[in-house]
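Thanks, everyone. Let me put the model up, and then we'll walk through the sheet, the core and the helix packing.

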Amino acid sequence: MADDAEALQPRDALVNVIHSPTRLAILATLNRVQHVAFADLRDNLHLSAPELSRQIAILEKEGMVEVAKLRVRRVAVTHVRLSDSGRDRFAAYLRHLNAIVHGED
């Protein structure tokens, strides 16, 4: 029975792909906006372009973010947004994290 109780712990619902501090910061930022230019996200989070690209690729593979090339005054700009499922998964992650912090079951 103890195994069943442990399996239902809120910590078990934490998704490792989100739990990374860098990816958590990316998702938290994207959760507050419709979309953001890659360069603005990079600057806001004080990340190198290669590191942000790597983290975005992980989140994109998981279906949590969407990346699009947009034209802004004849210049291609990469924009990143939280996907609908990514937004739902991030909200669930925050609920589980809150349950752990506040000792809720």
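Pairing here requires at least two bridges found by DSSP between the strands. Ala 37 has His 79 in β3 as its bridge partner.

A word on the source. This is a predicted model, where local features need pLDDT of at least 70, side-chain atom pairs count only at pLDDT 80 or more, and totals for chains, interfaces and linings use all residues. Residues are numbered from 1 along each chain as its sequence is written, and side-chain values use heavy atoms, with hydrogens and water left out.

Now the overall layout. The protein has six helices and three strands. Helices are DSSP runs of H or I with at least four residues, strands are runs of E with at least two, and both are numbered from the N terminus. The order from the N terminus is α-α-α-β-α-α-β-β-α.

Back to the sheet. It is open, with three strands in the order β1-β3-β2 and antiparallel pairing. β1 (36-37) and β2 (65-72) are the edge strands, each pairing on one side only. Helix α5, residues 49-61, packs on this sheet and touches β2 and β3. Contact means heavy atoms within 4.5 Å. The direction of α5 makes about 120° with that of β2. Axes are lines fitted to C-alpha atoms, for helices over the stretch in contact, and angles run from 0 to 180 degrees between N-to-C directions.

Next, the core. Buried means under 20% relative accessible area, with a 1.4 Å probe and protein chains only. Buried residues make up 30% of the 105 residues. The largest nonpolar core has 20 residues; Ile 26, Leu 27, Leu 30, Leu 41 and Val 65 touch the most other members. Such a core is a set of buried Ala, Val, Leu, Ile, Met, Phe, Trp, Tyr and Cys residues joined through side-chain atoms within 4.5 Å.

Look at α4. Which of its residues are buried? Phe 38, Leu 41 and Leu 45. They sit on the same side of α4, because their arc around the axis is only 65°, taken from the directions from the helix axis to the C-beta atoms. The buried residues of α4 pack against α3, β1, α5 and β3.

Last, α3 and α5. Their axes come within 10 Å and cross at roughly 75°. The two helices are therefore roughly perpendicular, a label for 65 to 115 degrees.

Technical notes: Buried means under 20% relative accessible area, exposed over 50%, partly exposed in between (1.4 Å probe, protein chains only). Angles under 35 degrees count as roughly parallel, over 145 as roughly antiparallel, 65 to 115 as roughly perpendicular and the rest as oblique.
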